[in-house]
Amino acid sequence: ALLSLTNQAPELLLPASRDLANGYHVARDWNADLKRNQETMEHDLQQCHWAEGKRQKLEAYTIEMEGSLAEAQADLAATQLLTLIRDNHRAQNLSSFADE
């Protein structure tokens, strides 16, 4: 009986060893996939941090430009007002000169 079991052992062990080898290959492939996914996620996270930094810089630049625009608009309004006052003053001088 022991000899019969010994003779059958390779036949019994062969499928089990194949299953074990297949399981090892599946686990190795899953591990490689997980590592690639982790690397991809880390890269994506770095890109997100980079993009957030760029967004913050752009937001600060936009605020700065809005301030510069407001200053330029105020300067333009002041210049237009001074021009209007000057033109009005000239018109009054010309009118009083014409009256004389």
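Of the 100 residues of the chain, 0% count as buried, where buried means under 20% relative accessible area, exposed over 50%, and partly exposed in between (1.4 Å probe, protein chains only). This is a predicted model, in which local features need pLDDT of at least 70 and side-chain atom pairs count only at pLDDT 80 or more, while totals for chains, interfaces and linings use all residues. Residues are numbered from 1 along each chain as its sequence is written, and side-chain values use heavy atoms, with hydrogens and water left out.

Start with the whole chain, shown as a cartoon. Its secondary structure comes to 1 helix and 0 strands; helices (H or I, at least four residues) and strands (E, at least two) are DSSP runs, numbered from the N terminus. Helix α1 covers residues 2–99. The accessible surface of the chain comes to about 9300 Å², by the Shrake-Rupley method with a 1.4 Å probe; for residues, only the protein chains shown count as cover. Carbon and sulfur atoms hold 62% of that surface.

Next, the salt bridges. A salt bridge here is a side-chain nitrogen of Lys or Arg within 4 Å of a carboxyl oxygen of Asp or Glu, and the count by this rule comes to 5.

Select Asp33 and Arg36. Their side chains meet in a salt bridge, at 2.2 Å from N to O. Both residues belong to helix α1 and are 3 residues apart, about one turn of the helix. Asp33 is partly exposed because its relative accessible area is 33%; Arg36, at 47%, also counts as partly exposed.

Move on to Arg55 and Glu59. The closest N and O atoms of this salt bridge are 2.9 Å apart. Arg55 and Glu59 lie in helix α1, 4 residues apart, again about one turn of the helix. Glu59 has a relative accessible area of 41%, so it is partly exposed. Arg55 is partly exposed too, with 41%.

Then select Arg86 and Asp87. This salt bridge has its closest N and O atoms 3.3 Å apart. Asp87 is partly exposed at 36% relative accessible area, and Arg86 is partly exposed at 41%.

Last, select Leu81, Leu82, Leu84 and Ile85. What do these residues form on the surface? They make up a nonpolar patch with about 430 Å² of accessible area together. Patches are made of residues with over 30% relative accessible area and no salt bridge; like charges are joined within 9 Å, and nonpolar side chains (Val, Leu, Ile, Met, Phe, Trp, Tyr) within 5 Å.
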